[in-house]
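Subject: Structure handover

Hello,

Please find the structure below. My notes on the helix packing and the sheet follow it.

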Amino acid sequence: MSYDRTVRLATSDFDAAVAAVREALADQGFGVLTEIDVRATLKAKLGHDMEDYLILGACNPPLAHRALEADRSIGLLLPCNVVVRRDGDSTLVQALDPGTMVTLTGLDTLKPVADDATARLDAALNALSAT
């Protein structure tokens, strides 16, 4: 079962890719609430070197509210994390497929929320691949 929605950007400029991701998400009503620099954290805590890898905690409050009204435990599965990571000479942008919420819970009441979130995330990802 595939659980991600991914786009590959033909850029090695990681900072520009992150800025473009933030803008594309904002255009679809997602704010970035948290940022985890996995590369810096693993270097500081474990002395481990790896490629650029950033997790953006994106949230669309109306969608999150609708999902939480359907199931208070759904916070565990909200498609909030957007990963931006270097992959060779390109950058990958990945998001959890919102349909995973419906598949894992079996709650049909989440389907309209997942469909809306999917449309918005796809629009953001498509905007990135067009640049």
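Which residues in α3 and α5 meet? L63, R66 and A67 in α3 meet P112, V113, D116, A117 and R120 in α5, where contact means heavy atoms within 4.5 Å. By class, this contact has five nonpolar, no polar and three charged residues. Here Ala, Val, Leu, Ile, Met, Phe, Trp, Tyr, Cys and Pro count as nonpolar, Asp, Glu, Lys and Arg as charged, and the others, Gly among them, as polar.

Before the rest, the basis. This is a predicted model, in which local features need pLDDT of at least 70, side-chain atom pairs count only at pLDDT 80 or more, and totals for chains, interfaces and linings use all residues. Residues are numbered from 1 along each chain as its sequence is written, and side-chain values use heavy atoms, with hydrogens and water left out.

Helices. Helices (H or I, at least four residues) and strands (E, at least two) are DSSP runs, numbered from the N terminus. Helix α3 (residues 61-70) packs with α5 at an angle of about 155°, their axes 9 Å apart. Axes are lines fitted to C-alpha atoms, for helices over the stretch in contact, and angles run from 0 to 180 degrees between N-to-C directions. α3 and α5 are therefore roughly antiparallel to each other; angles under 35 degrees count as roughly parallel, over 145 as roughly antiparallel, 65 to 115 as roughly perpendicular and the rest as oblique.

Helix α1 (residues 14-27) also packs with helix α5 (residues 111-129), at about 140° and with the axes 9 Å apart, so α1 and α5 are oblique to each other. In this pair, A20, V21, A24 and L25 of α1 meet L121, A124 and L128 of α5. The residues of that contact are seven nonpolar, no polar and no charged.

Sheet. Five strands form an open sheet in the order β1-β5-β4-β3-β2, with antiparallel pairing; two strands pair if DSSP finds at least two bridges between them. β1 (4-9) and β2 (31-37) are the edge strands, each pairing on one side only. From one strand to the next the twist averages 20°. Strands β4 (residues 81-87) and β5 (residues 90-96) run antiparallel and are joined by six bridges; R86 has T91 in β5 as its bridge partner. Helix α2 (residues 38-46) packs on the sheet and touches β2 and β3 (53-59), its direction making about 35° with that of β2. α5 lies across β1 and β5, at about 15° to β1.

Regards
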